[in-house]
Amino acid sequence: MEKYIINGRNKLFGSVEIQTAKNSVLPILAAAVLTDEKVKILNTPRITDVRNMVKILTKLGCKAIYDGDDILIDSSCADCYEIPSELAHELRSSVFLLGSVISRFHTAKIAYPGGCDIGLRPVDLHLTGLKRLGVEITEANGYIICKCEKLRGNEIMLDCPSVGATENIMLAAVKAEGTTVIKNAAREPEIEDLQKFLNCLGAKVKGAGSSTVVIEGVKNLGGCEFLPISDRIEAGTFLVAAAMCGGEVQLNRASAENISSLLHKLRENGCKIHTNNDKIVLESNRRLTSVKSIETQPYPGFPTDLQAQMTALCCICHGQSIITENLFETRFKYVPELRKMGADVTVINRNAFVRGVEGFKGATVVAHDLRGGAALVLAALAAEGKSQILDVSHIDRGYASFEYKLRKLGGDIFRVSI
Ligand code: EPZ
């Protein structure tokens, strides 16, 4: 196990290069299984989730190898339709592979991807959508087994704009016979990026980014080289770090448009923010004022993946805030850890009631999930004194070179094996 040791109160200055988006690379890797031609995904982040997806592709018989930070995939020799259970549990988003594997093999088997640290994470919308395309689904002994003679296009209405369900159905529909229309589709930028990648392979997808995505089935797909978008959640995490610690930080390769809901809140907190093309500069030089409320919503609303980071910021603002988590059932597991650092937060159901305090005090705390763990790092960087963050493997799932990037900005943070 590894931990971070952090000595707080350093202001942050300088610039940071934002990584390629984890939540774009993962469905794009799954999409690479659809074609027999070679695919190259450029500049991928060195994070656990991506490494695990590469392992799963390899288990399916694909050739998937790293060339520096690029990943080369050749799925022409894929010969297995069963997604290995130990990896499926490790990586929930392996469920995206159902659509691709069914499209290639007309059958698929995956261990039921159970809940995780942020909630139940059901897949009913994925399965309902696949059934509408002609897939027969049985669930037995903890496995989901899918079979279909032929995938046929259809109209699908999602009960809620699920990112994963939208992506899974897109992947299954790309080579189906006829046209598929997904209504109430998720609108995240990563969905638009997946559409761009699929069309780069020769697919006919349009409407991603809106609530209606239309996929016209094609017979064959080619290969391509593709650079996915930058990671809006990593970008938001660094902006909140700068806001909490004070100083002036510039993000390079960041999209202000993709995190406009966060920028709006940070300006309300009193941060000075300038944006120019793919650069965002945040300046914070005094105690911040709290925002009355933050409610997580599907895109373009406030992102649930930045909820923990913003709650940590609200804890040291002047005033009170209410943070409401509308997407996941248990995404406040980091709150007891913040309380060990002196935060005044009470969680009742999906609401966190925050009373701002002067500042955090260093403490030893435990990361329970990816974004909650990142929030604890930000709190420790802003805290008075020394902190230890245990079980940083959660953070390694989604942030590449996290401590290196923060050190480069002036943060006093080191990783130690225990
Ligand atoms: C994606 O997860 C992201 N993961 C999550 O990021 C992100 O928090 C989430 O979208 C919401 O933006 C990846 O893209 C790999 P959903 P996903 O399906 O697809 C309910 C991170 O930290 N739902 O949009 O699993 C579900 O319970 C991760 O990077 C159903 O009810 O999210 C939740 O309440 C965490 N039935 C809501 O929809 C279903 O079949 C949103 O889930 C599917 C989802």
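Predicted model: local features only at pLDDT ≥ 70, side-chain atom pairs only at ≥ 80, totals over all residues.

Student: At what angle do the axes of H6 and H7 cross?

Tutor: Roughly 10°. H6 covers residues 163-173 and H7 covers 189-200, and their axes come within 10 Å. Angles under 35 degrees count as roughly parallel, so H6 and H7 are roughly parallel to each other.

Student: Which residues of H6 and H7 make the contact?

Tutor: H6 brings Val163, Thr166, Glu167, Met170 and Leu171. From H7 come Glu190, Ile191, Leu194, Gln195 and Leu198.

Student: How do those divide into nonpolar, polar and charged?

Tutor: The contact of H6 with H7 has 6 nonpolar, 2 polar and 2 charged residues.

Student: New topic. Where does threonine 289 lie?

Tutor: In the loop between strand E17 (279-284) and strand E18 (293-295). Threonine 289 is partly exposed, at 37% relative accessible area.

Student: What does threonine 289 touch, not counting residues up to four places away in sequence?

Tutor: Glu268, Asn269, Cys317 and His318.

Student: And how far apart in space are threonine 289 and lysine 204?

Tutor: 48 Å, C-alpha to C-alpha. In sequence they are 85 residues apart.

Student: Now threonine 324. Buried or exposed?

Tutor: Threonine 324 is buried, with a relative accessible area of 10%; the cut-off for buried is under 20%. This residue sits in strand E19 (residues 320-324).

Student: Which side chain has a polar contact with threonine 324's side chain?

Tutor: That of asparagine 351, at 2.6 Å. Beyond four places in sequence, threonine 324 is also in contact with residues including Ile294, Glu295, Thr296 and Arg350.

Notes
Residues numbered from 1 in each chain as written. Heavy atoms only, no water. Axes fitted to C-alpha atoms, helices over the stretch in contact; angles between N-to-C directions. Helix = DSSP H or I, 4+ residues; strand = E, 2+ residues; numbered from the N terminus. Parallel < 35°, antiparallel > 145°, perpendicular 65-115°, else oblique. Contact = heavy atoms within 4.5 Å. Nonpolar A, V, L, I, M, F, W, Y, C, P; charged D, E, K, R; others polar. Buried < 20%, exposed > 50% of the residue type's maximum accessible area, 1.4 Å probe, protein only. Polar contact = N/O pair within 3.5 Å; in protein donor to acceptor, adjacent residues only side chain to side chain.
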